[in-house]
Amino acid sequence: MLETNLERIKDHIETLNTFNSTPGKGCTRLSFSLEHKKAIDYLTESCKSLGLEVSVDPIGNFRAKLKGREPVLPPVMCGSHIDTVLYGGKFDGAAGLVAALEALTVIKEHNIQPKHSLEMIALVEEEGSSFGGGLVASKALVGKYTLEDLKKLKNDEGISFYEAAKRFGLNPDELERYVLHKGDLKALIELHIEQGKILYSKSIPVGVVDAIVGIKQLSVTLEGMANHAGTTPMNLRHDALVGASKIITFIEHCAKHDAFDSTVATVGKIWCFPNVTNVIPGKVTFTVDIRDIKEEGIERIEKLLREKVKQVSKEHGLNYSIDLVGQSDSVKLSDKVISAIQSAAEKLGIKYLRMHSGAGHDSALFTEVTDVGMIFVQSIEGISHAPEEDTKYEDLKRGCDVLVNALLDIAQ
């Protein structure tokens with residue numbers, strides 16, 4: 001069984017964290033930024049020093065390949081995303097990149113050449129922080145996003161993903177040649193921090209992911225009548241915010257009592273108009289994020305939500321609309337890859353937990369074209385997408401040890 005190098009892992013993480021536009025305020029590395037370029041340059045230098053084949057594809061994904069004994073066979077891919085949220089943490093995405101880089105490094109150090117090639121990938125715009133659409137690279141690579149879709153995704157300055165890629169020196173018009181189909185990859189493994197508290201609360205260092213939740217995001221708008229807060233009697237009001245508050249508390253109740261243990265629902269964003277102290281709110285829009293590994297759980301919450309919105313709107317004299325913002329199906333990960341990950345952990349004597357992912361990941365998209373597995377490492381206090389995000393390097397090393405041995409098992 002191979003073992004990775006703790007100090008090297010730590011050095012890679014800390015170095016990637018310097019490619020950061022908000023030092024002292026978490027880690028910010030947005031797609032097609034100067035920091036993105038510096039991170040690619042660092043990965044390029046690191047991988048070339050190992051003698052790996054290095055490239056950047058037409059939409060900005062970094063690739064590095066360790067050739068197998070039979071390079072015509074489909075490669076086994078590993079990696080994660082290179083971008084972060086604004087004011088995020090240094091492990092989200094980066095942990096998976098470093099794990100992949102360290103795995104290839106250790107395999108080269110031991111002069112092992114597996115039957116199948118191993119390919120590292122650093123994916124862009126997983127978070128959606130720049131262009132408003134998450135999992136952009138993985139959607140494009142499996143054919144779910146076309147060039148026209150990339151032209152429609154725009155940042156706050158009105159620049160499209162397509163145009164930003166061209167300004168970055170890429171040629172997104174060549175995307176079609178890089179779209180993956182079944183048989184193009186033997187398997188894919190992504191290591192990621194858990195971004196939750198399950199492993200931390202159980203003092204277990206590694207998670208073996210068997211499913212990734214489905215997500216449905218809705219936007220609810222209630223329209224009443226703005227009016228003077230002092231001169232409008234309570235029985236003559238059409239208060240959109242009061243209506244919204246009843247619906248929001250109902251959503252929490254439904255997720256707790258009317259679905260499954262795996263169901264969660266969140267209202268994370270609210271717009272209130274005119275948002276003035278002495279004016280009755282005339283319009284409110286809020287988001288609803290529903291997640292579950294069971295499609296039935298998502299469907300049940302949405303059905304109850306729609307019924308409640310209709311009821312509350314009638315009671316308060318409101319008009320309403322419910323719009324779909326985005327959705328992704330829940331996916332079950334590959335039994336073959338899960339078995340390889342578990343076997344590696346057991347042989348290494350590393351305690352692990354079978355679990356599902358409550359967050360979306362690029363890996364979910366790749367299940368359409370290949371066998372996929374995910375390794376989670378513990379997040380301290382379950383914190384992520386924040387400067388306080390942290391993972392013990394010893395736990396990350398354990399995850400890296402599992403990854404390198406699982407990769408070799410699958411690639412032989």
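In which hand does α1 pass α2? The crossing of α1 with α2 is right-handed, that is, the near helix is turned clockwise from the far one by less than a right angle. The model is predicted, with local features requiring pLDDT of at least 70 and side-chain atom pairs pLDDT 80 or more, while totals for chains, interfaces and linings use all residues. Residues are numbered from 1 along each chain as its sequence is written, and side-chain values use heavy atoms, without hydrogens and water.

Helices (H or I, at least four residues) and strands (E, at least two) are DSSP runs, numbered from the N terminus. Two packed helices are described by the angle between their axes and the distance between the axes. Axes are lines fitted to C-alpha atoms, for helices over the stretch in contact, and angles run from 0 to 180 degrees between N-to-C directions. α1 and α2 pack at about 150°, and their axes are 10 Å apart. The two helices α1 and α2 are therefore roughly antiparallel (over 145 degrees; under 35 is roughly parallel, 65 to 115 roughly perpendicular, the rest oblique). Asp 11, His 12, Thr 15 and Leu 16 of α1 meet Ala 39, Tyr 42 and Ser 46 of α2, where contact means heavy atoms within 4.5 Å. By class, this contact of α1 with α2 has three nonpolar residues, three polar and one charged. Ala, Val, Leu, Ile, Met, Phe, Trp, Tyr, Cys and Pro count as nonpolar, Asp, Glu, Lys and Arg as charged, and the others, Gly among them, as polar.

Helix α1 (residues 6-18) also packs on helix α3 (residues 94-109), with axes that come within 10 Å and cross at roughly 140°. That makes α1 oblique to α3. The crossing of α1 and α3 is right-handed. On the α1 side, the contact includes Arg 8, Ile 9 and Ile 13; on the α3 side, Ala 95, Val 98 and Leu 101 are among the residues.

The largest nonpolar core has 100 residues. Such a core is a set of buried Ala, Val, Leu, Ile, Met, Phe, Trp, Tyr and Cys residues joined through side-chain atoms within 4.5 Å. Leu 396 is one of the residues with the most contacts inside this core. Beyond its neighbours within four places in sequence, Leu 396 contacts residues including Ile 9, Ile 13 and Ala 95.

Phe 32 has a positive phi, near 65°. Phe 32 lies in the loop between α1 and α2 (34-48). At 14% relative accessibility, Phe 32 counts as buried (under 20% relative accessible area; exposed is over 50%, partly exposed in between; 1.4 Å probe, protein chains only).
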